[in-house]
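Here is a short briefing for a first look at this structure.

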Amino acid sequence: MLHWYKIAETEDALPWQENGMCMVLVSDKPRLLVRYGGELYAMAAFCPHAGAVLAEGFVSGRGEVVCPLHDYRFRVRDGYNSSGEGYRLRCHVVERRVDGIYLGVAEVAGA
């Protein structure tokens, strides 16, 4: 089950960087938002390998967030580690609604 969080009134109200990414705090955790191909994607904010801030990297032309530390690549649509190191980023659903931008976070049983 998803818990929905309103993260902004409009897409332009978010703190976008020139690289098409920004960080937002949702449910007390930083999340990475990515603009790519006219869509919005959300995922874990830190690289699972060495903890680098992914928002300091860039988005490749193939739709991958590239870690600024070791160039690990993660597909924006599903968090798959396309550079082959075996990691995967947790992804979240983003919706543009009439009253704002929402991010869905899966509830974890027992948490």
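Leaving aside residues up to four places away in sequence, H49 touches H70, Y72 and Y87. The model is predicted. H49 sits in the loop between β4 (39-44) and β5 (58-59).

**Around H49**
- Another polar contact, of 3.5 Å, joins the side chains of H49 and Y72.
- H49 has 33% relative accessibility, so it counts as partly exposed.
- H49 and R88 are 39 residues apart along the chain, and their C-alpha atoms are separated by 10.0 Å.

**Salt bridges**
- The count comes to nine salt bridges.
- R96 pairs with E11, with the closest N and O atoms 2.9 Å apart.
- R96 lies in strand β8 (residues 91-97) and E11 in the loop between β1 (2-8) and β2 (21-26), so this pair ties together parts 85 residues apart in sequence.
- D12 forms a salt bridge with R35, at 3.5 Å between the closest N and O atoms.
- That pair also links distant parts of the chain: D12 is in the loop between β1 and β2, and R35 is in strand β3 (residues 29-36), 23 residues apart.
- D12 is exposed at 69% relative accessibility, whereas R35 is partly exposed at 32%.
- E11, D12, R35 and R96 are linked in a network of salt bridges.
- R77 bridges to D78, the closest N and O atoms being 3.7 Å apart.

**Rings and charges**
- R97 lies over the face of W4, 4.7 Å from the ring centre.
- The charged end of R97 also sits over the ring of Y102, 4.2 Å from its centre.
- The structure holds one aromatic pair.

Definitions and conventions: Residues are numbered from 1 along each chain as its sequence is written. This is a predicted model: local features need pLDDT of at least 70, side-chain atom pairs count only at pLDDT 80 or more; totals for chains, interfaces and linings use all residues. Side-chain values use heavy atoms; hydrogens and water are left out. Rings of Phe, Tyr and Trp (its six-membered ring) pair if their centres lie within 6.5 Å; planes under 30 degrees apart count as stacked, over 60 as edge-to-face and the rest as tilted. A charge sits over a ring if NZ of Lys or CZ of Arg is within 6 Å of the ring centre and within 35 degrees of the ring normal. Helices (H or I, at least four residues) and strands (E, at least two) are DSSP runs, numbered from the N terminus. Buried means under 20% relative accessible area, exposed over 50%, partly exposed in between (1.4 Å probe, protein chains only). Contact means heavy atoms within 4.5 Å. A polar contact is a pair of N or O atoms within 3.5 Å; within protein, one must be able to donate a hydrogen and the other to accept it, and residues adjacent in sequence count only if both atoms are side-chain atoms. A salt bridge is a side-chain nitrogen of Lys or Arg within 4 Å of a carboxyl oxygen of Asp or Glu.
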